[in-house]
Amino acid sequence: MSHLNQTQLTQAREQLAALEQALQAEIKEELRNSDDGNTLNLADSVHDAGEESVADLLRDLNNALINQHLIALKRVNIAYQRLNTGHYGECSDCGEEIQWERLLKQPAASRCVACQSLREKTYDANSQ
Ligand SMILES: [Zn+2]
């Protein structure tokens with residue numbers, strides 16, 4: 001069972017909901033940008049190869065951002081599942097309790113500080 005009390009779990013659920021909404025809004029906005037926004041207009045209006053690569057770069061950046069937000073959204077969904085199964089706040093690597101202070105800042109955190117920093121040292125800073 002989770003080491004958190006009912007009040008903390010309720011708070012975590014609210015924070016996850018807010019995070020989910022924010023991410024969905026950002027993804028929606030980014031998808032709109034990639035459909036009919038600046039990057040496409042820019043891509044249509046350029047002929048010079050150098051400018052085309054700038055347009056490509058902008059589109060790639062936007063796609064990378066969408067990708068990042070989709071990954072974050074997935075982590076929120078995993079955190080929801082853990083809430084529903086009573087395992088919210090347990091480290092997915094060592095099974096120890098994740099500090100409540102950490103969860104307050106990062107409601108979708110799935111690892112304790114020790115495991116997260118170990119992972120960041122082992123892999124790269126962006127891998128979750
Ligand atoms: Zn851990």
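Residues are numbered from 1 along each chain as its sequence is written.

Leu-83 is found in helix 3, and by helices I mean DSSP runs of H or I with at least four residues, strands being E runs of at least two, both numbered from the N terminus. Leaving aside neighbours within four places in sequence, Leu-83 is in contact with Leu-9, Ala-12, Arg-13 and Tyr-88, where contact means that the two C-beta atoms, placed from the backbone, lie within 7 Å. Ala-12 is 71 residues away from Leu-83 in sequence, yet their C-alpha atoms are 8.6 Å apart in space. Thr-10, in helix 1, is 73 residues from Leu-83 in sequence and 9.5 Å from it, C-alpha to C-alpha; Thr-10 counts as exposed because it has 12 C-beta neighbours inside 10 Å.

Now to the core. What does the largest nonpolar core contain? It has 12 residues, among them Ala-12, Leu-16, Val-76, Ala-79, Tyr-88 and Ala-108, a nonpolar core being a set of buried Ala, Val, Leu, Ile, Met, Phe, Trp, Tyr and Cys residues joined through C-beta atoms within 7 Å. Helix 1 (6-36) and helix 3 (49-85) each supply at least two residues of this core, and helix 1 gives the most, with 3 residues. Ala-108, apart from its neighbours within four places in sequence, is in contact with Leu-16, Leu-19, Arg-75, Val-76 and Ala-79.

Stepping back to the whole protein, we have 5 helices and 0 strands. Buried residues make up 14% of the 128 residues, and of the contacts with a separation of 6 or more, 60% join residues 24 or more positions apart.

Finally, confidence. The mean pLDDT, the predictor's confidence in each residue from 0 to 100, is 87, and 84% of residues reach 70 or more. Confidence is highest in helix 4 (residues 100-105), at 95, and lowest in helix 2 (residues 38-45), at a mean of 53. Where pLDDT is low, the predicted coordinates should not be read in detail.

Conventions: Predicted model: local features only at pLDDT ≥ 70, side-chain atom pairs only at ≥ 80, totals over all residues. Buried ≥ 20, exposed ≤ 12 C-beta atoms within 10 Å, placed from the backbone.
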